[in-house]
Amino acid sequence: MTTLWVPCTGVSIGIERLFSIIESRARASRDQKVRTKETEVLVASGQKGFLEDRMKICTVLWNADIKAELFYKECPKLLGQFQYCETEGIPWVIVLGEEERAKGAACLRQVDTRVEVNASHACTSYMSSKPKHHMTTPSHVSHPHMHRILTCITPSLVPH
């Protein structure tokens with residue numbers, strides 16, 4: 001049996017080290033948090049009896065290919081949900097409550113600016129008939145995904 005000499009080269013990459021370098025560069029250049037989740041919207045409520053409503057809204061969002069999540073507790077604290085969005089870098093939160101439920105509405109909140117836009121079942125036909133640039137939302141809330149989220153959830157908001 002003959003032994004052949006085969007030259008080899010090996011490479012080792014420290015993935016965690018690369019990620020920490022990229023993260024520190026991103027923070028230094030933009031002073032922003034690097035998102036580790038793809039979630040676009042958290043469906044939240046701070047009151048009892050809204051778990052099923054939150055699940056329905058999430059299902060509507062998922063069917064529209066919008067990445068959404070919710071807390072599976074029956075009555076999670078609203079402040080904790082807002083803090084979770086800030087920590088995880090989730091840009092939008094849909095807030096459901098008793099008043100919104102009675103009106104067939106929800107509140108869409110941009111997490112970083114804390115600006116809120118009301119979405120209601122009553123505005124569904126208006127929103128679907130107008131192009132994106134005719135939306136009557138405040139200009140400081142304008143965001144590419146906002147129209148998509150609002151258009152998606154408003155048909156499911158029916159007064160109780």
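First, a word on conventions. This is a predicted model, in which local features need pLDDT of at least 70, side-chain atom pairs count only at pLDDT 80 or more, and totals for chains, interfaces and linings use all residues. Residues are numbered from 1 along each chain as its sequence is written, and side-chain values use heavy atoms, with hydrogens and water left out.

The chain has six helices and five strands. Here helices (H or I, at least four residues) and strands (E, at least two) are DSSP runs, numbered from the N terminus. Read from that end, the order of elements is α-β-α-β-α-β-α-β-β-α-α. Of the 160 residues, 36% count as buried; buried means under 20% relative accessible area, exposed over 50%, and partly exposed in between, with a 1.4 Å probe and protein chains only. The accessible surface, from the Shrake-Rupley method with a 1.4 Å probe and, for residues, only the protein chains shown as cover, comes to about 10600 Å², of which 56% belongs to carbon and sulfur atoms. Among contacts with a separation of 6 or more, 62% are between residues 24 or more positions apart, a contact being heavy atoms within 4.5 Å.

Let me turn to strand β1. How many of the five residues in β1 are buried? In residues 41-45, five of five are. In a regular strand the side chains alternate between the two faces of the sheet. In β1, V41, V43 and S45 are buried on one side, and L42 and A44 on the other.

Strands count as paired if DSSP finds at least two bridges between them. β1 runs parallel to β2 and is joined to it by three bridges, with V41 opposite A68. β1 also pairs in the parallel sense with β3 (residues 92-96), over five bridges, and there V41 stands opposite W92. Together, β1, α2 and β2 make a right-handed β-α-β unit; right-handed means that, with the strands pointing away from the viewer, the path from the first strand over the helix to the second runs clockwise.

Next, the salt bridges. The rule asks for a side-chain nitrogen of Lys or Arg within 4 Å of a carboxyl oxygen of Asp or Glu, and the count comes to six. One of them joins E38 and K67, at 3.7 Å from N to O. This pair links the loop between α1 and β1 to the loop between α2 and β2, 29 residues apart. E38 is exposed at 58% relative accessibility, while K67 is partly exposed at 39%.

Another salt bridge is formed by E86 and R114, with the closest N and O atoms 2.9 Å apart. E86 lies in helix α3 (residues 78-88) and R114 in the loop between β4 and β5, so the pair ties together parts 28 residues apart in sequence. A further one joins R109 and E116 at 3.5 Å, N to O. R109 is buried, at 15% relative accessible area, whereas E116 is partly exposed, at 46%.

R114 also has a positive phi of about 65 degrees although it is not a glycine. D65, likewise not a glycine, has a positive phi of about 60 degrees and lies in the loop between α2 (51-63) and β2 (68-70).

Finally, V11, I13, I15, L18 and I22 form a nonpolar surface patch with about 550 Å² of accessible area together. Patches are made of residues with over 30% relative accessible area and no salt bridge, joining like charges within 9 Å and nonpolar side chains (Val, Leu, Ile, Met, Phe, Trp, Tyr) within 5 Å. I13, in the segment before α1 (15-30), is exposed at 55%.
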